[in-house]
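The following note collects points for a colleague who has the sequence and the coordinates at hand. It takes the points one at a time, as they might be raised in a review.

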Amino acid sequence: SLTEETMKKYLKKINLILLSFITLLYVTSFANAETTISAEGQYIFNTLGFYIGGVLVAFMAAGFCMLESGLVTTKSVSTIAAKNIGKFAICSLVFFFFGYNMAYGIPEGGYIGSFLMWGDSSTVDTGYSDHSDWFFQTMFVCATVSIVSGAVAERIKIWPFFIFAFLMSGFIYPISMGWQWGGGWLATSGFSDFAGSTLVHACGGAAALAGVMVLGARDGRFTKSGEPKTLEPFAASSIPLVTLGTFLLWFGWFGFNGFSQLAMGTFDDVNAISKIAVNTHLAGAAGTVTAAVVSRLLGGKTDIIMMLNGALAGLVAITAEPLTPTPLIAIVIGAIGSIIMYFGTKFLEARHLDDVVGAIPVHMFAGIFGTLAVPMTNPDTNFGTQFTGVIAVCLFSFILSYIIFRIMKASIGLRISSGAEKLGTDVAEIGVRAYAIRD
């Protein structure tokens, strides 16, 4: 007969054998199974991705505000702050009440969505929370309208600008954006714009061009010979503030581009987000260095404003396709975007078009280039389709913006008076005096 001690030894050996067998089965089945997390797990990570991306893009509103405040004269810094916080709120409310469904309620291959208020219909099957998607997309419309703000600064009345912000965030941007991201006619034709070189940046730049043309240049901005006055009374109020704004925009771009992957629940998605971050960063860096070199060689000085706008132009250019290029190609795209910005700025000045912050060459010109460059690395599209999309979005934004600005100019008035402009928009428009008066 077996003793109790011997039985315990045998039981321990049997338990060890069973445990080893179960472990072997588990490891084998896990190795052969798909390693993707559950649908609920993907829902959680995708929703988190939208939230993180939305917060990063929201910081771009602060970036635009700081950049514009630094590039205008000291007589307009408080007005820029008022315009930016007001625009941020107006665009968010309009996009909630009908702008979102104007873009995403569009039928497949269609042209315009529905005039309905946004509502949540989240389920695990949708892959992410509708609330997080609305939050993320709202930050994009706020960025688009911000592009216009700086270009028309120091001579536009604040309330006509708010009206324009309402119309652009409710109609112009949602309709043209829906043509692609809402599944409209551009999407079905094969047009590709990953994060918005055209749908956001060129759209905003085209609207800015319309505003600059209707408003005209600031009084005394250009000399009789046509050369722009770059010193007093048009000196930038604070270059460090412009630099801070540029850094905030640059950091926000990691959310703008990276989380436009629209998913974070799989191995491929997180790898894509990481690669997008690398390409985005390198394009901005290449744009900065290129602008420094070009301004030094052609202008004799290392122009800090050109360097800052060069960074933004590089970031805009890579936005249309930040995933498929190699890092070296991303550097080339960023550098070319910066060169386009530099000569685009000179072109506007030669035409006496007063773009205070350089929004048109940075966002429109570099954005168009970035979109047309997509077929270089993305075989699923072609130059003809890309060109069609660029023309459609830019013309739509420019024509509607031009009409809106002209109507406001003829009715309620668009530009402050010469006396008010001399006094400064801070005093004339919002009653704030944040500088010393000089005789």
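Predicted model: local features only at pLDDT ≥ 70, side-chain atom pairs only at ≥ 80, totals over all residues.

1. Leu400 is partly exposed, with a relative accessible area of 30%, and this residue is found in helix H13. Its C-alpha atom lies 10.0 Å from that of Ala206, although 194 residues separate Leu400 and Ala206 in sequence.

2. On the overall composition, the protein has 15 helices and zero strands. Of its 439 residues, 52% are buried. Among contacts in the protein with a separation of 6 or more, 78% are accounted for by residues 24 or more positions apart.

3. How do H12 and H13 pack? Helix H12, residues 359-372, and helix H13, residues 383-410, pack at an angle of about 155°, and their axes are 9 Å apart. Because angles over 145 degrees count as roughly antiparallel, H12 and H13 are described as roughly antiparallel to each other. The crossing of the two helices H12 and H13 is right-handed. From H12, the residues Ile368, Thr371 and Leu372 take part, and they meet Phe383, Gln386, Phe387, Val390 and Cys394 in H13. Sorted by class, this contact of H12 with H13 comprises six nonpolar and two polar residues, with no charged residues.

4. H2 passes H3 in a right-handed crossing. On the H2 side the contact involves Ala61, Phe64, Cys65, Glu68 and Ser69, which meet Val77, Ile80, Ala81, Asn84 and Phe88 on the H3 side. The class division for the contact of H2 with H3 is seven nonpolar, two polar and one charged.

5. H3 also packs with H5. The axes of helix H3, residues 77-104, and H5 come within 8 Å and cross at roughly 30°, and the crossing in which H3 passes H5 is right-handed. The residues of the contact of H3 with H5 divide into 18 nonpolar, five polar and two charged.

6. Ala103 deserves a separate comment. This residue has its place in helix H3 and is buried, with a relative accessible area of 0%. Leaving aside residues up to four places away in sequence, Ala103 touches Pro174, Met177, Gly178 and Gly182. Ala103 and Tyr173 are 70 residues apart in sequence, yet their C-alpha atoms are 8.3 Å apart in space.

7. How many disulfides does a search of the whole structure find? The search finds zero disulfides. Cys91 is in no disulfide, and the nearest cysteine sulfur, which belongs to Cys142, is 4.9 Å away; a pair of cysteine sulfur atoms would have to lie within 2.5 Å to count. Cys91 is buried, its relative accessible area being 0%. For Cys203, the closest cysteine sulfur is that of Cys394, at 7.8 Å, which is too far for a bond. Cys203 likewise counts as buried, at 0% relative accessibility.

8. Two residues with positive phi values may be worth checking by eye. Glu154 is not a glycine, although its phi is positive, at about 75°. Glu154 lies in the loop between helix H4, residues 130-151, and helix H5, residues 158-178, and at 9% relative accessibility Glu154 counts as buried. The other case is His352, a residue other than glycine whose phi has a positive value near 60°. His352 lies in the loop between helix H11, residues 327-350, and H12. Is His352 buried or partly exposed? His352 is partly exposed, with a relative accessible area of 36%, whereas Glu154 is buried.

Conventions: Residues numbered from 1 in each chain as written. Heavy atoms only, no water. Axes fitted to C-alpha atoms, helices over the stretch in contact; angles between N-to-C directions. Helix = DSSP H or I, 4+ residues; strand = E, 2+ residues; numbered from the N terminus. Parallel < 35°, antiparallel > 145°, perpendicular 65-115°, else oblique. Left-handed = near helix turned anticlockwise from the far one by under 90°. Contact = heavy atoms within 4.5 Å. Nonpolar A, V, L, I, M, F, W, Y, C, P; charged D, E, K, R; others polar. Buried < 20%, exposed > 50% of the residue type's maximum accessible area, 1.4 Å probe, protein only.
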